[in-house]
Amino acid sequence: MNEQIAGQILGELKGIRESQQVMQNEIKSMQTEIKSMQADIMGIKDSHQSMQTEIKSMQTEIKGIKDSQQSMQTEIKSMQADIMGIKDSQQSTQTEIKSMKSEIKDIKESQHLTQTQLNETNEIVRAIRHRQEETNTKLDALSMDVYRLHGEVLSLKDGQERQERILEKLSLRSIEQEAEIRDLKRIK
């Protein structure tokens, strides 16, 4: 009977060890995933530090589980109580892992939202650049019009100066002709 109980206990221990190995592999996988996400979530250092603290806490709990397994091998009578404690600890670890997965999902969603907002901002900047280019084109056209008008104004000034010189010459001729007419009237 004791051998049968010891066999059952050893079977449960083996199941717990396998479960712990799976958990350790899952924890290692989570650690790898967390490390790869560190580059993506640099702005969320506080959250990252709390996750590292949780991971260290989980590693400490796993080490405690390993220590309790070694003591279980030497204390067969207290094994059943220890096994129940380990199962409870495993459930709490799985709950923490699920919580970490949920936090990672939230971080990814936040990162996606930030990327969407960045894309919208880029579109706005492109539209502003396009409008700026249109404004620059219009400004260049206005500059060309101003240069053309400036040229026309200079041309008009030159024309006006020529007209003034012509009027001046005509005035001089008119004065000369009036003088000649007076001279002719005197001679008569």
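How many salt bridges does a search of the whole structure find? The search finds four, a salt bridge being a side-chain nitrogen of Lys or Arg within 4 Å of a carboxyl oxygen of Asp or Glu. The model is predicted, so that local features need pLDDT of at least 70 and side-chain atom pairs count only at pLDDT 80 or more, whereas totals for chains, interfaces and linings use all residues. Residues are numbered from 1 along each chain as its sequence is written, and side-chain values use heavy atoms, with hydrogens and water left out.

One of the salt bridges pairs Arg126 with Glu123, with an N to O distance of 2.7 Å. These two residues are three apart in helix α3 and are thus separated by about one helical turn; helices (H or I, at least four residues) and strands (E, at least two) are DSSP runs, numbered from the N terminus. Arg126 is partly exposed, at 48% relative accessible area, and Glu123 is partly exposed at 49%. In these terms, buried means under 20% relative accessible area, exposed over 50%, and partly exposed in between (1.4 Å probe, protein chains only).

Arg148 takes part in two further pairings. With Asp145, the closest N and O atoms are 4.0 Å apart; with Glu152, the corresponding separation is 2.9 Å.

Ile166, Leu167 and Leu170 form a nonpolar patch with about 280 Å² of accessible area together; accessible areas come from the Shrake-Rupley method with a 1.4 Å probe, and for residues only the protein chains shown count as cover. Leu167, in helix α3, is exposed at 53% relative accessible area.

Thr93 is likewise found in helix α3, which spans residues 79-187, but is buried, with a relative accessible area of 0%. Not counting residues up to four places away in sequence, Thr93 touches Met23, Ile27, Met58 and Glu61, contact meaning heavy atoms within 4.5 Å.

Technical notes. Patch = residues over 30% accessible without salt bridge, like charges linked within 9 Å, V, L, I, M, F, W, Y side chains within 5 Å.
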